[in-house]
Amino acid sequence: MIEIPAVVSRLRTAFAAGRTKPLAWRREQLGALKRMLLEREDDFLEALHTDLGKNAVEAQRTEVVFIVNEVDDTLEHLDEWLAPQPAALPPRLQPGEGRVVREPLGVALIIGPWNYPLHLALAPLVGVLAAGNAAVVKPSELSPTVSAAIARLVPEYLDREAVAVVEGAIPETTELLAQRFDHIFYTGNGAVGRIVMTAAAKHLTPVALELGGKSPVIVDTDVDLGVVAERIVDTKFLNAGQTCVAPDYVLALGDTAAKLEPLLAQALRAKFGDDPAESPAYGRIVNTRHFDRLARLLASGRVVTGGRTDRAAKFIAPTVLTEVAPDSPVMGEEIFGPILPILSVPSLDDAIAFITGRDKPLALYAFTGSEANKQRILAETSSGAVTFGMPVLHLVAPELPFGGVGESGMGRYHGKYSIDTFSNLKAVLDKPLS
């Protein structure tokens with residue numbers, strides 16, 4: 001059994017000795033991480049299929065390739081991102097020079113989720129290493145095969161003195177949170193996020209909480225609904241709907257809902273065939289607890305398409321619901337599964353009021369041809385991100401920060417934002433003596 005205090009102590013000793021700070025070490029570790037993903041890709045793809053039923057193409061694209069691209073982008077820009085940034089001084093402080101220097105924080109803890117168990121455990125690690133820190137990675141116990149693969153392979157490729165993997169469930173996570181870290185990065189739900197933040201407060205440890213929430217999709221009356229249906233299906237039902245930034249529900253303006261419903265059914269047939277249970281492109285629910293939770297939500301409206309379930313196989317067909325009441329069970333929690341409710345609202349005013357009357361979402365999506373409506377959505381709502389014309393794509397743009405606001409989280413990462421998250425932005429003022 002791993003002695004967690006000893007693991008953290010070992011990493012802290014390595015950091016204090018300066019092991020992780022040289023730029024050459026950072027580049028070497030990032031290169032080794034990329035090499036691991038490419039050389040052992042088959043191990044990871046098999047593990048992802050075992051735990052979540054992910055097909056190889058989807059798993060490669062959303063898990064392996066995503067991290068590889070993050071590494072490549074970071075290596076390309078690392079010198080620029082780490083360079084001291086000049087800061088102008090006011091006349092009263094002249095002569096003098098100001099600058100901002102990024103220094104590593106120390107030892108970071110990354111707690112990963114089960115839905116993208118490789119991607120969301122190792123993508124934050126890119127920023128941790130690039131910023132010159134040591135790290136403990138805690139993969140999710142709900143995706144045990146992937147967790148075991150990470151625990152087995154990371155020590156083969158990365159510096160064992162500075163990077164450790166701790167497997168386990170609540171007891172191990174609780175013990176990890178009792179240790180002193182210099183940053184904690186958690187991806188998951190709000191209930192556990194509060195536990196993480198409470199534990200971090202004991203050591204005044206900064207945290208990034210990448211949570212979830214009900215990300216809405218506004219569909220205006222002036223758009224090609226066939227294209228809208230295809231794009232919603234492509235993003236909502238990825239990973240069987242188990243994606244934090246997946247469209248959670250649709251707010252259809254005017255008479256759009258009735259026109260959109262058959263087009264969604266058509267797009268689902270085109271993507272998964274007449275029987276999604278037989279489609280290699282469609283995954284499964286992670287476990288029976290989540291299956292049972294999702295199955296109960298199916299009674300929240302009239303089924304347009306889908307609705308079939310198989311508990312033994314942890315299969316829930318991609319489902320579209322209509323005639324959904326705002327206070328129905330499916331609207332009371334983040335769905336995090338293959339169920340898409342459609343609600344009709346008379347106008348954009350009503351859609352904005354509906355969204356602002358609830359917790360701030362991780363993302364907000366809108367299909368509209370009106371620039372004025374786009375500006376209203378940007379100005380009158382608050383969310384971690386807004387994407388027009390295609391849900392989820394902001395996640396893969398390295399120059400855009402990723403994160404939530406309010407109940408959907410705090411902190412930002414990806415690209416340069418990861419460097420900033422895992423660094424101390426030290427202010428330096430240098431005034432000559434004469």
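**Exercises on pockets and a buried lysine**

By class, 23 nonpolar, 14 polar and 13 charged residues make up the lining of the largest pocket. The model used in these exercises is predicted.

**Exercise 1.** State which helix gives the largest share of the lining of the largest pocket, and which residues lie closest to the pocket centre.

*Solution.* Begin with the volume: the largest pocket holds about 1,300 Å³ of space. Of its 50 lining residues, Tyr-186, Gly-188, Asn-189, Gly-190 and Ala-191 are the closest to the centre. Next, consider the elements: helix H7 (170-178), strand S6 (183-187), helix H8 (190-201) and helix H11 (288-297) each contribute at least two lining residues. H8 gives the largest share, with 7 residues.

**Exercise 2.** Describe the second largest pocket by volume, central residues, elements and residue class.

*Solution.* The second largest pocket has a volume of about 540 Å³. Among its 27 lining residues, those closest to the centre are Thr-62, Phe-66, Val-392, Leu-395 and Val-396. H4, helix H5 (119-130) and helix H9 (225-236) each supply at least two residues of this lining, and H4 provides the largest share, 7 residues. By class, the lining comprises 17 nonpolar, 6 polar and 4 charged residues.

**Exercise 3.** Determine whether Lys-54 is buried or exposed, and identify its side-chain polar partner.

*Solution.* First, locate the residue: Lys-54 sits in the loop between helix H3 (41-52) and helix H4 (56-82). Its relative accessible area is 2%; the cut-off for burial is under 20%, so Lys-54 is buried. Finally, the side chains of Lys-54 and Glu-63 are joined by a polar contact of 2.5 Å. Other residues touched by Lys-54 include Asn-115, Tyr-116 and Asn-239.

Key
Residues numbered from 1 in each chain as written. Predicted model: local features only at pLDDT ≥ 70, side-chain atom pairs only at ≥ 80, totals over all residues. Heavy atoms only, no water. Helix = DSSP H or I, 4+ residues; strand = E, 2+ residues; numbered from the N terminus. Buried < 20%, exposed > 50% of the residue type's maximum accessible area, 1.4 Å probe, protein only. Polar contact = N/O pair within 3.5 Å; in protein donor to acceptor, adjacent residues only side chain to side chain. Contact = heavy atoms within 4.5 Å. 1 Å grid on protein atoms, 1.4 Å probe; cavity = no way out; pocket = protein on both sides within 12 Å on 5 of 7 lines; lining within 4 Å. Points joined across faces, edges and corners; volume = space filled by probe spheres on them. Nonpolar A, V, L, I, M, F, W, Y, C, P; charged D, E, K, R; others polar. Lists of a residue's contacts leave out its neighbours within four places in sequence.
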